[in-house]
Amino acid sequence: MFEHVEAYAGDPILSLMDDFRQDPRKAKVNLSIGFYYDHNGDIPVLDSVIAAKALLDQQPVEPNLYLPMSGEPQYCQAVQQHIFGEQPTAVTDRLITIQSVGGSGALRVGADFLKRYYPDAKVYVSHPTWDNHQAIFAGAGFEVLGYPYLNQDQTDIDFSAMLKTFAHLSEHSIVLLHACCHNPTGLDLEPSQWDQLFALFKEKQIIPFLDSAYLGLGDGLEQDAYAIRALAQSGLTGFVSNSFSKVFSLYGERVGSLSVICESAAIAEKVSGQLKATIRANYSNPPRFGAQLVRIILENEALYQQWLQEVENMLKRLLQVRSDLYQAIHKIAPDLDVGYLLKQKGMFSFTGLTAVQVDEIREKYGVYLIRNGRICIAGLNSGNIQIVAQAIAEVATQQLVEAAI
């Protein structure tokens, strides 16, 4: 039995974590997985989360029962308010939010639901995108195709190519988009471009699926939530998956949500029921503890403001280390253009390094990057930034020399 089962090659990101742990070098640097680290290189426990746990501990001990299939209702309401902001009743009446097992769980529930009701649809993801996007939708049975995102030089978004591709999609095609802090490129659409996109989707009857894992770490919460809130007001039917892993530093608690914007309140009620059926056939109901912490913070004005300040501090640190890395590389190799570090947003930067160069950096310097050239900016600090700058400058400069020859 099972002799025909093929070996698993491993997840390209999580496998790198295993290699990093086994690397005996003391000066090794992990810029692979998407963790937010503080200036000491530690994954922080937020003060707002500590305070929320203290409040939770003061409550009477109750039986640890299953949550409803769609999650804790108060959590869902608080998350909806947080993500979508103030919306007119005409919007909120046709808006559903359910608790999910992290952002990945939200994506999978949405994918399974869509596969049931649009079985012949195709899913389009940006090229490049987070690897698991393709795996999740393919796992749900969809054919997953790519749409152009970067220009030929991989220095900016090729918006005209995106529009041209979307204009030729079939009705009810599903397009996955990053709401902000695009992973892996760090390049985001402008508000006017989102508006153009949604107008086209409405004309073509395309279903947008926005994934948001980094709200607040790009330009701030209000700016980062523009696409989500514009979608809610566009008249489109659309999906929004959300993860709180990074911005609450609650990775292991798997706290997320899935929201669906429907055409009417009557349709929303039916969709809500079928989302519950989808969850029941998947994991039955979500976990309790992490969602309680997030709900307490979102509902408590003082804690909410404290948390917003902590997220703003994360954002400021990301901007600072971007600038520091830019300056360090520029000092080593003045002719090397690394302006992308200052232009890109969020936790990641797309360096343009090839897989061969990434391997060279890892073997020679002990600096771990994803093989597509993505680096986790949050992993940088004053203790490792010079090593990373030297590694990038050396391999990138060598590339320029070889190109000149």
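A residue counts as buried here when its relative accessible area is under 20%, as exposed when it is over 50%, and as partly exposed in between (1.4 Å probe, protein chains only). Helices (H or I, at least four residues) and strands (E, at least two) are DSSP runs, numbered from the N terminus. The model is predicted, so to speak of local features requires pLDDT of at least 70, and side-chain atom pairs count only at pLDDT 80 or more, while totals for chains, interfaces and linings use all residues. Residues are numbered from 1 along each chain as its sequence is written, and side-chain values use heavy atoms, leaving out hydrogens and water.

Let's start with helix H12 (residues 289-299), where nine of the eleven residues are buried.

Now turn to helix H7 (residues 159-167), with Phe159, Ala161, Met162 and Phe166 buried. These line one face of H7, because they fall within an arc of 160° seen down its axis, taken from the directions from the helix axis to the C-beta atoms. Ser160 and Lys164 are exposed on the face turned away.

Finally, look at the nonpolar cores: sets of buried Ala, Val, Leu, Ile, Met, Phe, Trp, Tyr and Cys residues joined through side-chain atoms within 4.5 Å. In the largest, of 109 residues, Leu210 and Phe248 touch the most other members. H13 gives the most to this core, with ten residues. A second, separate core of 28 residues includes Ile96 and Phe209.
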